[in-house]
Amino acid sequence: MSDSFVSPLVEDLVTFRRLGHLAVDMAADYLETLRDRPVFVPMTPDERQALLTQDLSEEGIPPEELLVTIRDRLFTHPMGNGHPRFFGWVNSPPALPGILAEFLAATLNPSCAGGDHAAIYLEYSVIRWLMELIGFPQEKSMGLFVSGASMATLTCLAAARFWAAKEAGWNVRERGLQAQNPDLVLYLSEEGHGCIRKAAEMLGLGSNSLHLLPTDSTFRMDVTALRAAIQADRAAGRQPFCVAASAGTVNTGAIDPLSLLADMCAEESLWLHVDGAYGAFGKVDPQVAPLFEGFERAQSVAIDPHKWLSVPVECGCALVSDKHLLRETFSLVPPYLQLEEGKGFANLPWFSEYGFQQTRGFRALKVWMVLQTTGRQGLVQRIQHHNTLARQLASLIDAAPDFERVAPVTLSIVCFRYLPLERKGDEEGIEQMNRALVPLLQLAGEAFLTSTVLHGQFALRACILHDTTTSDDLRILLESVRHAAELSRKQEQ
Ligand SMILES: Cc1ncc(COP(=O)(O)O)c(C=O)c1O
């Protein structure tokens, strides 16, 4: 290598501008025509093979050609979540200002580990807004952006574990879980998200540390069962340390009785963690805000701007009420990172001392851009719009003779079953038909929904997160379910 080396990645800026405009046009063309296309377009075997087995180029390919490949081979087969009739899982469309912010954040490409540069100050502000929006206390707390709610949960529960050990007089960072200490117990309901279990496993607590509690008929944690479980575990010599509640379960959007749980955690000296990945921003809708009472007393909350805020993935956020404790849980500053306080690049505490990651992306910019574009009021309207649509869908289902709703609608998730007259009373047949229709509906491309199991019963599940979804789209969704059921009947014959 020598001075004659010319990097293929350093384009002249005239080309960069031209390609940038091409990319924006490509994105706009794609977004403009989205609604008129099927929600989901299955790939052909050849298309899958072509992507799976492509070779790395030897000489490099001009970016312009690569843009064409992206347009013709990738934009043709999206996941579907950009479409207003995508009702699957909890995957929102990308907010347009968020798309631009991703690009601009990459232009700066800072590491948001910490330091005295603009991105850090912006992240502090955006975290403060998020706390304020969901009613989390700000004064002594700390938050940071991570990849998603799974990572946020791991971060929060690491703090909970550190705290529990400290309370019991040992240091989990030094001794790990090797020492002979009583088993730590974490409580969650059977509707709690799988990432809590994964986090417990990764933290070395093991899934046996989880005490799974039943839910009531509205899919909320049974608090009486929780109280009994805590007593039984203590009597058995185990150490209850944390209750992981949900503010919007992934299945139905149920919100656990947070206020009662906060009382109980205070009485029992337990850490209250709330999984608000999907539902936390529901709190801005005045109609459901009272259900979140007690949220403000949680020791930690996991939230996901890449869900209801429509911030492009990935973007989760961990909030912990005791910033000193969070720092104690994670801080490790090797000599090469040490700075003299108040001098040079040193400034506000480094985010990397509050979480696992060292180099961190500038996720805050896309959240900032999305929130500043809508403003507080715009956000409230968006959330209300989605919740209203969910109640409308519930009414359509309740009024239809061939549908049955199977869970209350708290936020923007509706769970239901297709229940044709000829199958009434035939539980096995109903379940079979509902199971069979889901993939058929997805492949048909008119609408997209997914399924779940509630108290042992299979259910269709629609989650509304798209601002341009209309009442008509809801009707089309139900029609699509009927068509898919019809198709499955034909296939059966
Ligand atoms: C309630 C709930 N918690 C946690 C998660 C995990 O979030 P992520 O996929 O961002 O890691 C999800 C994802 O759907 C969720 O709905």
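Which element gives the largest share of the lining of the largest pocket? I started there, and I got α1, with 12 residues.

**Ground rules.** I'm working on a predicted model, so to speak: local features need pLDDT of at least 70, side-chain atom pairs count only at pLDDT 80 or more, and totals for chains, interfaces and linings use all residues. Residues are numbered from 1 along each chain as its sequence is written, and side-chain values use heavy atoms, with hydrogens and water left out.

**Entry 1, largest pocket.** I noted the pocket rule before anything else: on a 1 Å grid over the protein atoms alone, a pocket is an open set of points with protein on both sides within 12 Å along at least five of seven lines, and lining residues have an atom within 4 Å of a point. Volume is the space filled by probe spheres set on the points, which are joined across faces, edges and corners. For the largest pocket I read about 1400 Å³. I found 45 lining residues, and Ala23, Met26, Ala27, Phe75 and Ile99 lie nearest the centre. Two or more of the lining residues come from each of α1 (13-32), α3 (63-74) and α4 (96-108). Helices here are DSSP runs of H or I with at least four residues, strands are runs of E with at least two, and both are numbered from the N terminus.

For the classes, Ala, Val, Leu, Ile, Met, Phe, Trp, Tyr, Cys and Pro count as nonpolar, Asp, Glu, Lys and Arg as charged, and the others, Gly among them, as polar. Domain 1 (13-78) and domain 2 (110-361) each put at least three residues into this lining; the bounds come from an automatic or database domain assignment.

I counted 20 lining residues, with Pro94, Ala95, Leu96, His466 and Thr468 nearest the centre. α4 and α12 (364-399) are the elements giving two or more residues, and α12 gives the most, with 4. The lining divides into 11 nonpolar, 6 polar and 3 charged residues. Domain 1 and domain 3 (372-492) each supply at least three of the lining residues.

The lining includes Leu144, Phe145, Val146 and Arg360. β1 (142-146) gives the most, with 3 residues, and α6 (149-167) supplies at least two. By class I have 6 nonpolar, 3 polar and 1 charged.

Lys307 sits in the loop between β6 (300-303) and β7 (316-320). Is Lys307 buried or exposed? Lys307 counts as buried because its relative accessible area is 16%, and the cut-offs are under 20% for buried, over 50% for exposed and partly exposed in between (1.4 Å probe, protein chains only). Not counting residues up to four places away in sequence, Lys307 touches Val90, Ser92, Ala277 and Tyr278; contact means heavy atoms within 4.5 Å.

Key:
On a 1 Å grid over the protein atoms alone, a cavity is a set of points where a 1.4 Å probe fits but cannot get out, and a pocket is an open set with protein on both sides within 12 Å along at least five of seven lines; lining residues have an atom within 4 Å of a point.
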